[in-house]
Amino acid sequence: MPDIRQSKRLAVLYGVTLDELIDYDFDEQQAAQMIESVSDEAQAKIDWNKVWSKKYPVLAAYHERVKLDDYAPQLREMLTQLRVDYGYNHTDALLVLKDILARVWKGQC
């Protein structure tokens, strides 16, 4: 990413405003390509909670406030039920449960 001085020069060079130059529209296809470009080995080394905590600080601190034992048994039961009912492995059951939770949060179900 260019700094502000370089960005201004690029805008002049291409005959666009600085706003137009920096109006980068990150789309779904680009996100998919980024995800696919990271190897499984690299993904295993990434502390995703730490990465997402930079955008959502609550992820770094909730465990100090939330009583995990109040939620873990029910979530564990839901994960197990997904594996039993649909034959999902641990990861797939987690991803399905995460997606269901997101849909509930968005009011889609």
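A residue is called buried when its relative accessible area is under 20%, exposed when that area is over 50%, and partly exposed in between, using a 1.4 Å probe and protein chains only. With that in hand, look at Arg9, which sits in helix H1. Arg9 counts as exposed because its relative accessibility is 58%.

A word on what you are viewing. This is a predicted model, in which local features need pLDDT of at least 70 and side-chain atom pairs count only at pLDDT 80 or more, while totals for chains, interfaces and linings use all residues. Residues are numbered from 1 along each chain as its sequence is written, and side-chain values use heavy atoms, with hydrogens and water left out.

Now step back to the whole chain. The protein has eight helices and zero strands, where helices (H or I, at least four residues) and strands (E, at least two) are DSSP runs numbered from the N terminus. The radius of gyration is 21 Å, well over the 13 Å that the globule rule gives for 109 residues, so the protein is more spread out than a compact globule. That radius is taken over C-alpha atoms, and the rule is 2.2 Å times the number of residues to the power 0.38. Along the principal axes, the C-alpha atoms fill a box of roughly 60 × 35 × 35 Å.

How much of the protein counts as buried? Of its 109 residues, 6% do.

Gly15 lies in the loop between helix H1 (4-14) and helix H2 (18-22), and is exposed, with a relative accessible area of 65%. From Gly15 to Met78, 63 residues along the chain, the C-alpha separation is 56 Å. Asp69 belongs to helix H7 and is also exposed, at 67% relative accessible area. Between Asp69 and Lys106 there are 26 Å, C-alpha to C-alpha, for residues 37 apart in sequence.

The largest pocket has a volume of about 1900 Å³. Of the 29 residues lining this pocket, the closest to its centre are Trp48, Trp52, Leu59, Leu94 and Lys98. A pocket here is an open set of points on a 1 Å grid over the protein atoms alone, where a 1.4 Å probe fits, with protein on both sides within 12 Å along at least five of seven lines; lining residues have an atom within 4 Å of a point. Grid points are joined across faces, edges and corners, and a volume is the space filled by probe spheres set on the points. Helix H8 gives the most to the lining, with nine residues.
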